[in-house]
Amino acid sequence: MSHSSKLNSHNFTEIKPADVDKLMLIELACHSHPWSEKTFLSCIGGRYFGEKLSPVIPGEVKSPQVATAIGFYIGEYVVGEATLMDICILPSEQGKGYGKVLLKQFLAQAKKLGATKIFLEVRAKNIAAHMLYMNAGFIEINRRTGYYPSSSGFGYEDAIVMSLTC
């Protein structure tokens, strides 16, 4: 399967509490300071929205199979504003365009809910994510100095606050 057809063959499903055990494996693999299971569960339902991404495995024309989730996003929507709370792609699947696919889906869902302004924070040293967001039209609006514990375990690093007007 070609790279481009791979990106066109994906399945999004709403995140449910029963998904958290499996999605925590992705969360743990992606972050030096991951969310706890309790935090993850608290971000399902209510003002939160999220979906998991599973590639579609080609099979018979009538019955392709959906693979295990390779990524997810969690967003928050409050009175016309959405915030990207978390976005993760399995490290083995990173660099294949799935982050862009997930971000595009998050933006579509946020707009569908009525968001006219979208916010996110990204570690200053996460250049790949920063570039993904800039390429999607986000602009840096602020920095939170020393916001994140350093991934090395010593010190802190800045958070870049970014926004997008829909």
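This is a predicted model: local features need pLDDT of at least 70, side-chain atom pairs count only at pLDDT 80 or more; totals for chains, interfaces and linings use all residues.
1. Confidence first. The protein chain has an average pLDDT of 90, and 90% of the residues reach at least 70. Strand β4 (residues 71-78) comes out highest, with a mean of 98, while helix α1 (residues 3-8) is lowest at 44. Across residues 1-7 the pLDDT stays below 50, and this stretch makes 10 contacts in the model beyond near neighbours in sequence.

2. On to the largest pocket, which holds about 1100 Å³ of space. Its lining is made up of 34 residues, and those closest to the centre are His31, Ile87, Asn126, Ala129 and Tyr133.

3. Where does the lining of the largest pocket come from? At least two residues each are supplied by α2, β5 (81-89), α4 (98-113), β6 (117-123), α5 (127-135) and β7 (139-149). Strand β5 gives the most, with 6 residues. By residue type, the lining splits into 16 nonpolar, 9 polar and 9 charged.

4. Now for Ser36, which sits in the loop between α2 (20-30) and α3 (37-42). Is Ser36 buried, partly exposed or exposed? Its relative accessibility is 36%, so Ser36 counts as partly exposed, given that this class lies between under 20% (buried) and over 50% (exposed).

5. A polar atom of the Ser36 side chain lies 3.0 Å from the backbone nitrogen of Thr39. Looking back along the chain, Met24 is 12 residues away from Ser36, with 8.2 Å between their C-alpha atoms.

Terms used: Residues are numbered from 1 along each chain as its sequence is written. Side-chain values use heavy atoms; hydrogens and water are left out. Helices (H or I, at least four residues) and strands (E, at least two) are DSSP runs, numbered from the N terminus. Buried means under 20% relative accessible area, exposed over 50%, partly exposed in between (1.4 Å probe, protein chains only). A polar contact is a pair of N or O atoms within 3.5 Å; within protein, one must be able to donate a hydrogen and the other to accept it, and residues adjacent in sequence count only if both atoms are side-chain atoms. pLDDT is the predictor's confidence in each residue, from 0 to 100. Contact means heavy atoms within 4.5 Å. On a 1 Å grid over the protein atoms alone, a cavity is a set of points where a 1.4 Å probe fits but cannot get out, and a pocket is an open set with protein on both sides within 12 Å along at least five of seven lines; lining residues have an atom within 4 Å of a point. Grid points are joined across faces, edges and corners, and a volume is the space filled by probe spheres set on the points. Ala, Val, Leu, Ile, Met, Phe, Trp, Tyr, Cys and Pro count as nonpolar, Asp, Glu, Lys and Arg as charged, and the others, Gly among them, as polar.
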